[in-house]
Amino acid sequence: MFGGYKRLWEKPTLKSSYDVVIIGGGLHGLATAYFLARNQGINDVAVIEKHYIGFGGSGRNTAIVRANQRTKENLSLYDEGLKLWPKLTYELDFNLMFFNCGNLNLGHSEAAMNALRLQVTSAQFSGIKSELLDAQQLKEMCPLLDISDRPKYPIHGAMYHPPGGVLRHDAVVWGLAKGASKHGVHIHQGTEVLGIGVRNGKIVSVETDRGNINTPRVLLAAGGYSARISYEMLGIRLPINVLTIQAMVSEPLKPLLNHVVSSGAYHVYANQTLKGEIVTGAHMDPWPNYTTQATAYYIKHQAEALTDILPCFKGIRFMRHWSGLADMTPDMAPIMDGNDPIGGYYFDCGWGYFGFKSAPITGKYMAEFISSGQCPEILKPFTLRRFEQHRLMGETANPNNYGPWN
Ligand SMILES: Cc1cc2nc3c(=O)[nH]c(=O)nc-3n(C[C@H](O)[C@H](O)[C@H](O)COP(=O)(O)OP(=O)(O)OC[C@H]3O[C@@H](n4cnc5c(N)ncnc54)[C@H](O)[C@@H]3O)c2cc1C
């Protein structure tokens with residue numbers, strides 16, 4: 001207790017063995033730990049976090065959620081994920097601040113509108129609400145957008161996805177940590193995993209800077225650091241490029257932007273938080289990079305792109321900008337796999353800039369996978385083997401022109 005406040009999660013002693021060790025105290029690690037304990041009855045679980053929980057992408061993202069992905073495998077996962085947020089708020093007894101404002105993905109050419117039409121149809125086919133708006137319908141919904149022929153990339157219309165919105169990322173990290181800890185999970189912050197022990201093709205231990213832990217099961221959920229850990233500690237290469245994404249937030253304004261607005265052509269998206277700030281992000285440095293430094297180039301690009309489509313934002317002041325790592329796979333879909341090629345070794349990574357919206361639902365299924373050793377049907381398409389079998393998932397389409405960037 002401090003000043004009348006109770007800690008949300010316990011600070012336990014590190015034990016010398018656990019049933020499951022999770023590397024990474026981001027949303028994916030915490031969600032899996034929570035569901036292992038809550039749904040699978042496995043509560044002898046340690047989450048090992050090098051810094052503090054939410055240090056990685058989980059505390060740096062812009063918290064946009066939606067389910068109108070491109071491919072059927074992703075559509076079902078993200079749809080279930082989107083529906084889980086309100087239930088989770090109730091279940092964790094913690095306000096995750098889900099704001100169901102809906103998402104608008106702009107189309108800036110006939111070709112882009114055709115790509116969005118295909119995406120809308122795929123979503124509708126899976127029973128997910130999504131519709132195509134022409135420029136006039138869009139203007140009625142979002143009057144701030146400049147639909148004249150002045151912008152560099154004129155706005156032809158948009159894909160509208162009513163069920164999407166935003167949450168507060170810190171609240172999700174804290175809520176999951178609270179829930180996991182309540183069910184007996186040990187969260188160890190300030191603890192670095194240095195090695196993973198394997199004997200006869202099976203996981204046996206994890207080496208940390210605070211001592212060795214014996215365990216038969218390890219989940220690697222280290223976000224942008226996963227590929228390096230997998231290769232350096234186990235010699236398993238993951239087809240992941242690590243890129244830096246940046247974002248920034250303005251001073252609070254009166255309510256004026258009611259949706260998440262996103263443009264693949266401009267590489268920009270923006271929404272207004274419940275506090276009134278304009279959060280904007282999207283540009284990704286195009287070279288592999290492990291730094292989390294923001295750049296002047298980004299700020300200039302972002303300000304120009306944002307104000308070209310939303311000119312009313314000219315002159316607003318930005319309070320903060322920051323960056324984080326995006327672990328990108330060639331098909332922009334994650335890798336969730338396990339027990340192959342090492343028994344007891346599971347991994348959940350390659351989320352790029354989609355890993356916030358999917359974290360709780362993935363945690364639920366990864367927990368089922370780790371508990372039973374059998375991959376749930378919904379996760380099977382995301383196997384690492386798809387890359388060697390040439391079965392890439394096609395979520396990327398043509399992101400430079402059409403892709404929703406969040
Ligand atoms: C600017 C930005 C905007 C984004 N916007 C969105 C968005 O709007 N919507 C969306 O869905 N996604 C978004 N994302 C992506 C999303 O944030 C990530 O995909 C997601 O947070 C990944 O979560 P994670 O738990 O897998 O990894 P992380 O949150 O990165 O957690 C990994 C953890 O592993 C720890 N770690 C690393 N090495 C070790 C080690 N050796 N030992 C112990 N611990 C270790 C790290 O310290 C880190 O805390 C955005 C990302 C960024 C950077």
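Let me note at the outset that this is a predicted model. Strand β1, residues 20-23, and strand β2, residues 45-48, run in the parallel sense and pair over 4 bridges. Within this pairing, V20 of β1 has V45 in β2 standing opposite.

To what sheet do these two strands belong? They are part of an open sheet of 6 strands with mixed pairing, in which the order is β8-β2-β1-β12-β19-β18. At its edges lie β8, residues 186-188, and β18, residues 335-338, and each of these pairs on one side only. On average, and with direction ignored, neighbouring strands of the sheet are turned by 15° against each other.

A helix packs on this sheet, namely α8, which spans residues 359-372. Helix α8 touches β1, β12 (217-220), β18 and β19 (345-349). Relative to the direction of β19, the direction of α8 makes an angle of about 170°.

I turn now to the ligand. How many residues surround the ligand? There are 40, and the closest are G26, G56, G223, G324 and G355.

Of the elements, α1 gives the most, with 3 residues.

That concludes my presentation, and I thank you for your attention.

Definitions and conventions:
Residues numbered from 1 in each chain as written. Predicted model: local features only at pLDDT ≥ 70, side-chain atom pairs only at ≥ 80, totals over all residues. Pairing = 2+ DSSP bridges. Axes fitted to C-alpha atoms, helices over the stretch in contact; angles between N-to-C directions. Contact = placed C-beta atoms within 7 Å. Near = placed C-beta within 6 Å.
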